[in-house]
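Here is a short tour of one protein model, meant to be read with the sequence and the 3D view side by side. Take a look first, then we'll go through it piece by piece.

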Amino acid sequence: MSGVQTQDGTQWNRQDFPEAAKEILEQSQTRKNVQHATNVIQGKRNKVVAELPDWEDLREAGAQIKAHTLRHLDHYLAEFEANCTAAGGHVHWASDAAEANRIILGLVQQHDAKEVIKIKTMTSEEVGLNATLEANGIAPIETDLAELIVQMGKDRPSHFVAPALHVNRAQVRAIFQKEMHLPDLGDRPEDLATAARTYLREKYLRIKVAISGGNFLIADSGGMCIVESEGNGRMCLTLPDVLISIVGIEKVIPSFQDLEVFLQTLPRSATGERMNPYNSTWCGVHPGDGPQEFHVVLLDNGRSPILADKEARQTLQCIRCAACLNACPVYHQTGGHAYESVYAGPIGAILTPQLHSMKEGRSLPYASSLCGACYQVCPVKINIPEVLIHLRGKVVQEDQATLAGKFSLWNIGMQAAAFLFADAGRLGLAERVGAVGQKVLVSKNGFIEWMPLMLGGWTQTRDLKALPAQSFRQWWAKEKAPSAAAKNGRVSHG
Amino acid sequence: MAEVMDHRAAILGSIRKALGQASSKDAIAEEYAAIPRTYTKTGGMERAALLAHFEERLVEYDAGVYRAAKDGIAAKVAEILTARGKPGLTLPEGVPAEWLPEGFSFEVAGLQALELDKTPGVLTGCTVAIAETGSIVLQNAAAQGARILSLVPDYHLCVVFAEQVVLTVPEAFARLEGTSTLPTTFVSGPSATADIEMTRIKGVHGPRFLDVLIVVEA
Ligand code: SF4
């Protein structure tokens, strides 16, 4: 598969989820770190969400604002463009990663910058911007503490609110000691944060070009909103001469007033805080305040075709709070790297394959137990399980359309199952045959511990209860059906 | 192909193709207006309880909280600066003289980051404050100034008038409606991170110390 280059030159989408997950499951320290972090955030999130009696109303409003915007996305993008331009900003459009890289590299080179400071941005990661800059002799410096840890550790982000949640303080210390040349650095979180403050402060005060993502594009004011904790975002938005923001086209909202919803749901969902330490909004260029040159790069890169799929369109409502990652029992076990995508967790499992027109990340819709925890916590009510099933259907349909797929064991097995389940008579026959035929597989304990061929995937990690001598349907037919039929005045099938 | 692709047209065209027939401007506005907003807009908390709520939130963020009467601002500022060991503060344009005590140096700042980095701190007012979230909202306006002022110095003292405090986030947005295009910063406690093992650590890049002085009627 042709993956996307990341910061350290490694590829995303190198392997399917089950293989990647198997690697991770052997790294017990990483798993411990992920479980600790997600438990802490989830606990805090649940507490501050419970404080708001109108939480469900906020979710509903947020979902509807986003769904409405997506239905008229071209209208709102054009409105944003007009207002941002009128406020002195420059709006660029990039259909794909290559164009986004070309635009940003050109702007950076125009200012002769050899270094740029960056605020955490998923879209930059998505288009592989750091690799492009580095290849052209420009050093991108991540300023978000977690991104700095990832960058210095030549690692990959694993979570989009806390990208380094898979490493612990001892690991952070080792990375900083080496990269910042601080042999005596302590391992208290305070020591590590202070080291980052000192290391970056000189850079904020000196470097003239900054690159950011954006949480919201505001159509009616032409403004942008960035939400953050550390103040590194404010540094990048305020001190440099030039600011370049790369933002997905789905990030637009109609009105400044709509922030009254999202600035309640996003912080509570993302970090379990009532409000994160800093939110910034600004429009274009303001004389005497902040960068006097401002560019927004609107990135499509596979987003617009998703709008055509009415069931899956809701994927683009996402405000990247990562609550679904923290709530997901699969993410809990594997962390973010197993998804082999910039976008991990339940939302990554539906977004990644769609961004690639279902050509990559095809195993991801299966990386879920469909327990529904993600839907429950989502502040914009994306029904992730529904979209997962819908995409599984797409994968299967596409597979069946190929000759190899049609004759694969999976397909034959599934077609056979469909044939059996479609007719009660056939199912009854299969149950009777199964109860006899399984005898060779059932262990003394009454469980099936091994199954042939692709059915083995199920029994690798769990035992299967053997079929009983008498099926529920057989029992029903004998014991209950006659009386039920008498009561209802009709005869049951089967 | 030599010709340059028009990415704007390509993206807008692709969106339209995916969505089908476009709606009229009026229809879009009507649909937007019909979005149900049943969430809480205003809170019915009386003033004393509201201020107590705001203070409680600020304390949770580890901000310092003080109170003064309208005619006692300067005296309280002097007390706070003495406690913090500050010889004076940097000011934005438009800070009223009656906020400033004798015996300390107050200077209207230039906007050079390197100079601000050496100042002991900054004194500002605010546009509105939100009790429910413990937030103060700063805009580029008189007595608040450019964003850099409340960012680079390591200490921020913010004067908040009781009538500027609202309970809910939507109430704050109602007050910001007319000035939404100004550079705006919501500040909720001193800068912080939880990136290392989810432990909230105060003071990364923004001011590490925040004091809020709430001004009440006599
Ligand atoms: S899908 Fe929902 S819960 Fe998951 S990151 Fe997006 S907004 Fe948050």
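Which residues does Ser95(A) touch, not counting residues up to four places away in sequence? Ser95(A) touches Asp300(A), Asn301(A), Gly302(A), Met5(B), His7(B), Ala10(B) and Ile11(B). Here, contact means heavy atoms within 4.5 Å.

Before going on, a word on the ground rules. This is a predicted model, where local features need pLDDT of at least 70 and side-chain atom pairs count only at pLDDT 80 or more, while totals for chains, interfaces and linings use all residues. Residues are numbered from 1 along each chain as its sequence is written, chains are lettered from A and ligands numbered from 1 in the order in which they are written, and side-chain values use heavy atoms, with hydrogens and water left out.

**Back to Ser95(A)**

You'll find Ser95(A) in the loop between strand S1 (90-94) and helix H5 (97-110) of chain A. Helices (H or I, at least four residues) and strands (E, at least two) are DSSP runs, numbered from the N terminus. Ser95(A) is buried, at a relative accessible area of 17%. For that word the cut-offs are under 20% relative accessible area for buried, over 50% for exposed, and partly exposed in between (1.4 Å probe, protein chains only). The side chain of Ser95(A) also makes a polar contact with the side chain of His7(B), at 2.7 Å. A polar contact is a pair of N or O atoms within 3.5 Å; within protein, one must be able to donate a hydrogen and the other to accept it, and residues adjacent in sequence count only if both atoms are side-chain atoms.

**A strand on the inside**

Now find strand S7 (residues 242-248) of chain A. 7 of its 7 residues are buried, so S7(A) is largely enclosed by the rest of the structure. In a regular strand, side chains alternate between the two faces of the sheet. In S7(A), Val242(A), Ile244(A), Ile246(A) and Gly248(A) point one way, Leu243(A), Ser245(A) and Val247(A) point the other way, and all are buried.

What are the neighbours of this strand? Strand S4 (residues 209-212) of chain A runs parallel to S7(A), joined by 4 bridges, and Val209(A) has Val242(A) as its bridge partner. Strand S10 (residues 293-299) of chain A is also parallel to S7(A), with 7 bridges between them; there, Ile246(A) partners Val297(A). Two strands pair if DSSP finds at least two bridges between them.

**Where the chains meet**

The contact takes 93 residues from chain A and 74 residues from chain B. About 7,200 Å² is buried between the two chains, and carbon and sulfur atoms give 59% of that area. Buried area is the accessible area (1.4 Å probe) that two parts lose on being put together, summed over both.

A strand pair crosses over too: S9 (residues 278-283) of chain A and S9 (residues 184-187) of chain B run antiparallel, with 4 bridges. In that pair, Tyr278(A) has Val187(B) as its bridge partner.

Between chain A and chain B there are 29 residue pairs in polar contact (both at pLDDT 80 or more). Helix H10 (residues 189-206) of chain A gives the largest share of the side of chain A that touches chain B, 10 residues.

**Salt bridges across the gap**

Side chains of opposite charge can pair when their charged atoms come close. A salt bridge is a side-chain nitrogen of Lys or Arg within 4 Å of a carboxyl oxygen of Asp or Glu. Chains A and B have 10 salt bridges between them, and the table shows some of these pairs.

| Residue in chain A | Residue in chain B | N to O distance |
|---|---|---|
| Glu51(A) | Arg57(B) | 3.8 Å |
| Arg71(A) | Glu31(B) | 2.8 Å |
| Asp74(A) | Arg16(B) | 2.8 Å |

Glu31(B) is partly exposed at 27%, and Arg71(A) counts as partly exposed at 37%. Asp74(A) lies in helix H4 (residues 73-86) of chain A and Arg16(B) in helix H1 (residues 7-19) of chain B, so the pair joins two chains. Both Asp74(A) and Arg16(B) are buried. Finally, salt bridges that share partners join Glu51(A), Arg268(A), Arg274(A), Arg57(B), Glu60(B) and Glu132(B) into one network.
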